[in-house]
Amino acid sequence: KIEDPALQDMVLHMIQLDPALRLSAHEYLASWGSLIFPPHFSNKWHGFMADLVNKDSDNKVLAIQTVFNDMQADILEFEGQLPGMESIMSSSGCEAPGRPERAPGGDSHVLDA
């Protein structure tokens with residue numbers, strides 16, 4: 001069950017029967033984004049996540065490792081402000097992993113930044 005009223009409204013709008021009444025993803029973010037996502041998502045992390053789509057797996061991992069500490073700090077700073085959200089990272093003791101020297105699986109090629 002979705003407990004957040006703004007999220008409920010958005011989901012109901014997204015699944016309405018007449019597709020002509022639905023918005024684009026960009027329009028949903030513009031209309032509901034500030035009600036559902038913390039400010040750091042749209043201001044900082046949305047573009048970063050969109051850029052990950054075109055990266056291969058190794059470069060996705062490297063990109064995330066590069067910003068992990070900043071991302072974790074943003075999440076922890078806003079963690080109690082979203083209704084129904086539980087702290088995952090703070091209770092798991094997550095730390096930024098070190099940068100891998102080689103590709104997963106022990107390949108001999110060194111990953112590029």
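The chain holds five helices and zero strands, where helices (H or I, at least four residues) and strands (E, at least two) are DSSP runs numbered from the N terminus. Read along the sequence, that gives the pattern α-α-α-α-α. Please keep in mind that this is a predicted model, in which local features need pLDDT of at least 70, side-chain atom pairs count only at pLDDT 80 or more, and totals for chains, interfaces and linings use all residues. Residues are numbered from 1 along each chain as its sequence is written, and side-chain values use heavy atoms, with hydrogens and water left out.

Let us start with the chain as a whole. Of its 113 residues, 21% are buried; buried means under 20% relative accessible area, exposed over 50%, and partly exposed in between (1.4 Å probe, protein chains only). Among contacts (heavy atoms within 4.5 Å) between residues at least 6 apart in sequence, 42% join residues at least 24 apart.

Next, the segment before H1 contains Asp 4. Asp 4 is buried but has no salt bridge, and the nearest side chain of opposite charge, Lys 1, is 12 Å away.

Now move on to helix H2, residues 25-36. Its buried residues are Tyr 28, Trp 32, Gly 33 and Ile 36. Seen down the axis of H2, they fall within an arc of 140 degrees, so they line one face of the helix; the arc is that of the directions from the helix axis to the C-beta atoms. These buried residues pack against helix H1 (5-14). On the face turned away from them sit the exposed residues His 26, Ala 30 and Ser 34.

Met 71 is buried, with a relative accessible area of 13%. Not counting residues up to four places away in sequence, Met 71 touches Trp 45, Phe 48 and Met 49. Met 71 and Phe 41 are 30 residues apart in sequence, and 9.4 Å apart in space from C-alpha to C-alpha. Asp 70, also found in helix H4, is partly exposed at 45% relative accessibility.

Terms used: Lys, Arg positive; Asp, Glu negative; His and termini not counted. Salt bridge = Lys/Arg side-chain N within 4 Å of Asp/Glu carboxyl O.
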